[in-house]
Amino acid sequence: MPQKKRIAIIPGDGIGPEVISEAVKAIQASQAAVETTQFDWSATRYLADGVTVPSDGFAMLARDFDAILLGALGDPRVPSNIHAKEILLGMRFKMDLYANLRPVRLLDESLCPLKDMEPKDIDFVVVRENTEGAYVDAGGVFKQGTPDEIAVQEEINTRKGVERVIRYAFEYCERHTKHDGSPRQRVLMCDKSNAMTHAGGLWQRVFKEVSKEYPQITAQHLYVDALCTQMVRDPRQFDVIVTNNMFGDIITDLAAGLQGGLGMAASGNIHPGKTSMFEPVHGSAPPIAGKNMANPLGAILTAAMMLRHLGLEEATRIEAAVLEAVRQKRTTQDIGGNCGTKETGDWVATRLAG
Ligand SMILES: NC(=O)c1ccc[n+]([C@@H]2O[C@H](COP(=O)([O-])OP(=O)(O)OC[C@H]3O[C@@H](n4cnc5c(N)ncnc54)[C@H](O)[C@@H]3O)[C@@H](O)[C@H]2O)c1
């Protein structure tokens with residue numbers, strides 16, 4: 001019998017624990033061969049003992065686990081957000097999870113705010129650079145609190161970092177089909193190289209070079225502002241999009257809107273061959289936390305994405321159960337149902353067990 005895959009579960013803050021417990025329920029109901037271990041890294045733990053990530057925490061995750069399933073981090077009780085920064089950004093940076101893969105797929109036409117969109121029309125992925133850019137927190141403030149205050153937020157782009165994420169996007173395009181079975185054929189790089197010439201110039205040069213290695217794939221480019229318009233006007237045109245950390249963060253919230261909102265969007269933080277981390281795109285949503293209102297389907301789709309990454313075919317059954325929940329409106333209010341978080345998760349689990 002093959003060894004069970006070892007999954008570290010980090011529910012985190014706010015709605016994180018609520019949606020992650022439904023995702024774990026779905027994994028268990030699918031009978032995927034995994035064993036789970038839960039970690040309490042969160043605002044509550046930080047407020048109790050001052051620990052964000054235990055010493056050796058990331059090395060332990062990389063050594064002892066095949067994948068990590070994370071909820072969300074962010075809690076009004078920790079206004080500095082230090083715990084979220086150390087746990088979430090720490091994991092992305094220190095475990096070098098350089099490709100943030102965010103599939104944008106319309107499961108059912110009822111979920112899309114655009115008119116006349118069918119599931120086949122919205123089926124693209126965004127590959128967001130995940131270890132550099134504007135989120136490395138380089139910079140500083142000078143003369144803080146005075147009228148002469150200066151704030152500098154630097155953006156880091158390395159040749160290595162840009163090249164590997166662009167190559168990841170082309171490899172992804174080459175190796176994956178769309179959900180209707182048709183091949184993926186286009187990689188679009190999105191930047192703001194007309195205004196941010198130094199970083200944009202590097203991205204432009206590397207994109208041109210790497211695209212030559214994949215002559216069968218069409219290489220395209222859009223400025224990020226133009227891309228936002230196009231994403232709303234005609235999302236059919238997109239296939240694989242690759243971009244930097246900040247633009248990827250922003251355009252995938254816009255893209256989540258096409259799929260039914262933040263409660264439906266899944267993501268993976270990936271370094272091929274290393275322990276990778278999977279999390280729903282949404283945050284900890286403090287206003288709805290503890291109210292049994294959060295949509296757990298994004299977290300459940302994230303669990304399916306993780307299982308597929310690990311080569312476990314139960315992913316397909318979990319996705320089918322989520323689709324059926326959407327079709328039968330056994331969902332939370334944000335996407336038109338009248339179930340709670342738990343009832344939605346129970347329905348999916350029962351469907352999987354049946
Ligand atoms: N990856 C992460 O852990 C992550 C990502 C984004 C934000 N955050 C943190 O989360 C906190 C709140 O941030 P925010 O309000 O900007 O973003 P958010 O994603 O938490 O919430 C934005 C909006 O979407 C709704 N929403 C989000 N997830 C939902 C779900 N599953 N079901 C139904 N509705 C849902 C919320 O009600 C809210 O109106 C902040 O501390 C922020 O830093 C964490």
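The model is predicted: local features need pLDDT of at least 70, side-chain atom pairs count only at pLDDT 80 or more, and totals for chains, interfaces and linings use all residues. Residues are numbered from 1 along each chain as its sequence is written, and side-chain values use heavy atoms, leaving out hydrogens and water.

**Strand β4**

- Strands are DSSP runs of E with at least two residues, helices are runs of H or I with at least four, and both are numbered from the N terminus.
- In β4 (residues 99-105), five of the seven residues are buried, meaning under 20% relative accessible area with a 1.4 Å probe and protein chains only.
- Strands count as paired if DSSP finds at least two bridges between them.
- β4 pairs with β5 (residues 123-129) through seven bridges in the antiparallel sense, and alanine 99 has glutamate 129 as its partner there.
- β4 also runs antiparallel to β11 (residues 266-270), with three bridges; in β11 the partner of alanine 99 is isoleucine 270.

**Largest pocket**

- A pocket is an open set of points on a 1 Å grid over the protein atoms alone, where a 1.4 Å probe fits, with protein on both sides within 12 Å along at least five of seven lines; lining residues have an atom within 4 Å of a point.
- Of its 29 lining residues, Leu101, Pro103, Tyr172, His176 and Met305 are the closest to the centre of the largest pocket.
- β4, β5, α5 (159-175), β11 and α9 (297-309) each supply at least two residues of this lining.

**Second largest pocket**

- The second largest pocket has 21 lining residues, with Leu73, Leu88, Arg92, Asp249 and Glu279 nearest its centre.
- α4 gives the most to this lining, with five residues.

Notes:
Buried < 20%, exposed > 50% of the residue type's maximum accessible area, 1.4 Å probe, protein only.
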